[in-house]
Amino acid sequence: MSGGGSPFNCETCADKDKSARNCLNRLGLSKAALAVSCYTDDVVAEHKEKGGVKVASLGNIRLYECPVSFLTDDTRELMRLCFFIEETGNLLYEGGWGGQPYWLIEAYEVCRREAIRLQKEKRDG
């Protein structure tokens, strides 16, 4: 499923935008400081020292790196597959949902739950 035109890459971003969003962790933040659900004194100090700023939130997780570059290539490909299934109704393998591997069903469920959560968040504003 590789190829150009994916909505899940940073290729078209300007360099200043990549810097502002800490794409590919340009600031060199630790794992603990990249995705934060609970702030510790060490994380706060690291953000202050390296200039880390919150880029996005996902539920109670605050990201200090561009969410697009935070994702692995495998995750991006899996997201593309889930969007493809949602848009076309075509599954990866024959046999309906019963013929799909568990990892795909689980990934699809996660994508659907997140889409529903985001819709509810927008609606309830």
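Before I start, keep in mind that the model is predicted.

I will begin with helix α3, which covers residues 41-50. Which residues of α3 are buried? They are V43, E46 and H47. Looking down the axis of α3, you find these buried residues within an arc of 100 degrees, so they line one face of the helix. For anyone new to helices, the general point is that an α-helix has 3.6 residues a turn, so residues three or four places apart point the same way. On the other side of α3, the exposed residues are D41, D42, K48 and E49.

What do the buried residues of α3 pack against? Their partners are α2, residues 31-34, and β1, residues 35-36.

Now to H47 itself. Its relative accessibility is 6%, and the cut-off for buried is under 20%, so H47 counts as buried. The side chain of H47 also comes to 2.8 Å from the backbone oxygen of A33. If we set aside neighbours within four places in sequence, H47 is in contact with L29, A33, V36, Y39, G52 and Y64.

After α3 comes G51, and its phi is positive, near 80 degrees.

Is G52 buried or exposed? With 14% relative accessibility, G52 counts as buried. Again leaving out neighbours within four places in sequence, G52 touches L27, L29, H47 and Y64. Between G52 and L34 there are 8.6 Å in space, C-alpha to C-alpha, and the two are 18 residues apart in sequence.

The last topic is the helix pair. Helix α5 is residues 73-88 and helix α6 is residues 102-124. They pack at an angle of about 75 degrees, and their axes are 10 Å apart. The two helices are therefore roughly perpendicular to each other.

Which residues meet there? From α5 they are L78, L81, C82, I85 and E86. From α6 they are W103, L104, A107, Y108, C111 and R112. By type, the residues of this contact divide into 9 nonpolar, no polar and 2 charged.

That is the end of the talk.

Conventions:
Residues are numbered from 1 along each chain as its sequence is written. This is a predicted model: local features need pLDDT of at least 70, side-chain atom pairs count only at pLDDT 80 or more; totals for chains, interfaces and linings use all residues. Side-chain values use heavy atoms; hydrogens and water are left out. Helices (H or I, at least four residues) and strands (E, at least two) are DSSP runs, numbered from the N terminus. Buried means under 20% relative accessible area, exposed over 50%, partly exposed in between (1.4 Å probe, protein chains only). A polar contact is a pair of N or O atoms within 3.5 Å; within protein, one must be able to donate a hydrogen and the other to accept it, and residues adjacent in sequence count only if both atoms are side-chain atoms. Contact means heavy atoms within 4.5 Å. The arc is that of the directions from the helix axis to the C-beta atoms. Axes are lines fitted to C-alpha atoms, for helices over the stretch in contact, and angles run from 0 to 180 degrees between N-to-C directions. Angles under 35 degrees count as roughly parallel, over 145 as roughly antiparallel, 65 to 115 as roughly perpendicular and the rest as oblique. Ala, Val, Leu, Ile, Met, Phe, Trp, Tyr, Cys and Pro count as nonpolar, Asp, Glu, Lys and Arg as charged, and the others, Gly among them, as polar.
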